[in-house]
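Let me put the model up on the screen, and then I'll talk you through the bits I liked.

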Amino acid sequence: DGQPLKVVPVEKADEQTWNSVAFIDRGESATSAGKAALLVAGDIAALIAFAAVGRANHGGDGAALETLATALPFMIGWFTSASLLGGFGAEAQGGDVKS
């Protein structure tokens with residue numbers, strides 16, 4: 001944009017200086033158990049609905065236990081990968097995380 005660069009020593013840099021450049025870790029936890037539980041509950045509901053629709057499309061009945069048994073392998077895979085990849089971390093919970 002034609003403007004000269006402004007050199008600011010790191011020790012004197014304020015939050016505005018770092019805006020859109022880097023994420024400032026203040027050591028605060030941006031996650032909460034309540035938000036994570038809400039995400040987990042929503043994922044469970046979506047996976048059960050997915051299993052129910054799949055069973056209906058393939059001629060299965062709507063029995064609750066059979067639908068849960070169908071959904072269980074998907075839940076295991078989903079929650080294992082989410083825990084390994086940070087699927088319920090601060091960013092997933094709507095935290096102010098800049099990338």
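So, a definition to begin with: I call it a salt bridge when a side-chain nitrogen of Lys or Arg sits within 4 Å of a carboxyl oxygen of Asp or Glu. With that in hand, Arg55, Asp61 and Glu66 are linked in a network of salt bridges.

Before the details, some housekeeping. This is a predicted model, where local features need pLDDT of at least 70, side-chain atom pairs count only at pLDDT 80 or more, and totals for chains, interfaces and linings use all residues. Residues are numbered from 1 along each chain as its sequence is written, and side-chain values use heavy atoms, with hydrogens and water left out.

How confident is the predictor? pLDDT is its confidence in each residue, from 0 to 100, and the protein averages 79, with 72% of the residues scoring at least 70. Helix H3, residues 64-85, comes out highest at a mean of 94, while helix H1, residues 15-18, is lowest at 66. Where pLDDT is low, the predicted coordinates should not be read in detail. By helices I mean DSSP runs (H or I, at least four residues), numbered from the N terminus.

Now, back to that network. Which residues does Arg55 pair with? One is Asp61, at 3.1 Å, N to O. Another is Glu66, whose closest N and O atoms to Arg55 are 2.7 Å apart. Glu66 lies in helix H3 and Arg55 in helix H2, so this pair ties together parts that are 11 residues apart in sequence.

Buried or exposed? Buried means under 20% relative accessible area, exposed over 50%, and partly exposed is in between (1.4 Å probe, protein chains only). Arg55 is buried, at 18%. Asp61 is partly exposed at 45%, and Glu66 is also partly exposed, at 39%.

On to the two helices themselves. The buried residues of H2 are Ala36, Asp43, Leu47, Ala51 and Arg55, and they pack against H3. Contact here means heavy atoms within 4.5 Å.

H3 isn't straight all the way, by the way: there's a kink of about 35 degrees at Ala71, shortly before the proline Pro73. That bend is the angle between axes fitted to the seven residues ending there and the seven starting there.

H2 is followed by Gly59, with a positive phi near 80 degrees, and just after H3, Gly86 has a positive phi of about 75 degrees.

Conventions: pLDDT is the predictor's confidence in each residue, from 0 to 100.
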